[in-house]
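Welcome! We will go stop by stop.

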Amino acid sequence: MDWSQFGSFAARYLPQLWSGMLVTILVATLAAPTALAIGVLLTVPRVAGWRALSGLVRAYVEVMRNTPLLVQMYLLFFGLPILGIFWDEITCGVLAVALQHAAFLSELFRSGIGAVGNKQWEAGQAIGMRRWMTFRKIILPQAVIKVLAPVSNQLIVLVKDTSLVSAIGVLDLTLSGKVIIERSGASFEVFILVAALYLILTSVIGVGFRVGETRFARRLG
């Protein structure tokens, strides 16, 4: 391509890429809170010391983080119809992304809570707090500060991993780029635009998390 014409090339195809980016944002917007909620649920048995459930959660975490997300997505997409469950591509993609990242998030939550020293628990008990009250008033605020940065990073990885939904036919930013390449043959130029849009999206999210992290830390003193 004549790079002097890159501007007109970008102007021609950006609207189509933008439509794909909106789908990427939709998938990430649905997957992130789902992953956070499942991650919290997975953390509870291990923090509470429920042995039987803790064993199941550990097995789940090992399976999810030691198998590729794309394979998990294929298993959901092609496996659920065998069970008589027919979900669309976006639902399967959102669920696959959320289930894997929930495993990573639960590990972050558990390590953040574990990083708060036992003396903090003892201090709560010393002033007459019950265990739940100690957790809510003393342990949780400190744990949140410790995990905010790694959770932010994990959610940015989640956003990038949404590109895998293109493999099951979701017309997101990545698949939109592939469609344009088939029509134009300009693979390098298209992927420059795709990468730039992903960079803008993740940068905005990263700045948002840093602002939220700073404000939360100030609020807790």
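**Stop 1: the start of α4.** Select Asp88 and Ile90 and show their atoms. At the start of α4, a side-chain oxygen of Asp88 comes to within 3.1 Å of the backbone nitrogen of Ile90. Such a polar contact is a pair of N or O atoms within 3.5 Å; within protein, one must be able to donate a hydrogen and the other to accept it, and residues adjacent in sequence count only if both atoms are side-chain atoms.

Before you move on, note that this is a predicted model, in which local features need pLDDT of at least 70 and side-chain atom pairs count only at pLDDT 80 or more, while totals for chains, interfaces and linings use all residues. Residues are numbered from 1 along each chain as its sequence is written, and side-chain values use heavy atoms, with hydrogens and water left out.

**Stop 2: along α4.** Now select residues 89–114, the 26 residues of helix α4. Helices (H or I, at least four residues) and strands (E, at least two) are DSSP runs, numbered from the N terminus. What span should α4 have at 1.5 Å a residue? The expected value, 1.5 Å times one less than the number of residues, is 38 Å, and the end C-alpha atoms are 38 Å apart, which agrees.

**Stop 3: the whole chain.** Zoom out. The chain has eight helices and zero strands. Its C-alpha atoms fill a box of roughly 75 × 45 × 25 Å, taken along the principal axes. Of the 221 residues, 38% are buried, where buried means under 20% relative accessible area, exposed over 50%, and partly exposed in between (1.4 Å probe, protein chains only).

Stop 4: Select Thr202 in helix α8 (residues 187–219). Is Thr202 buried or exposed? Thr202 is buried, because its relative accessible area is 12%. Leaving aside neighbours within four places in sequence, Thr202 is in contact (heavy atoms within 4.5 Å) with Ile156, Val159 and Lys160. Click on Lys160 next: this residue is found in helix α6 (residues 131–161) and, at 45% relative accessibility, counts as partly exposed.

**Stop 5: Ile138.** Stay in helix α6 and select Ile138. With a relative accessible area of 16%, Ile138 is buried. Not counting residues up to four places away in sequence, Ile138 touches Gln120, Gly124, Met129 and Met133.

**Stop 6: the aromatic rings.** How many aromatic pairs does the structure hold? There are six. Rings of Phe, Tyr and Trp (its six-membered ring) pair if their centres lie within 6.5 Å; planes under 30 degrees apart count as stacked, over 60 as edge-to-face and the rest as tilted. Select Tyr74 and Phe78, which form a tilted pair, 5.8 Å centre to centre with 35° between the planes. Both lie in helix α3 (residues 69–79), four residues apart, about one turn of the helix. Tyr74 is partly exposed at 32% relative accessible area, whereas Phe78 counts as exposed at 51%. Finish with Phe6, Phe9 and Tyr13, which ring pairs link into a cluster.
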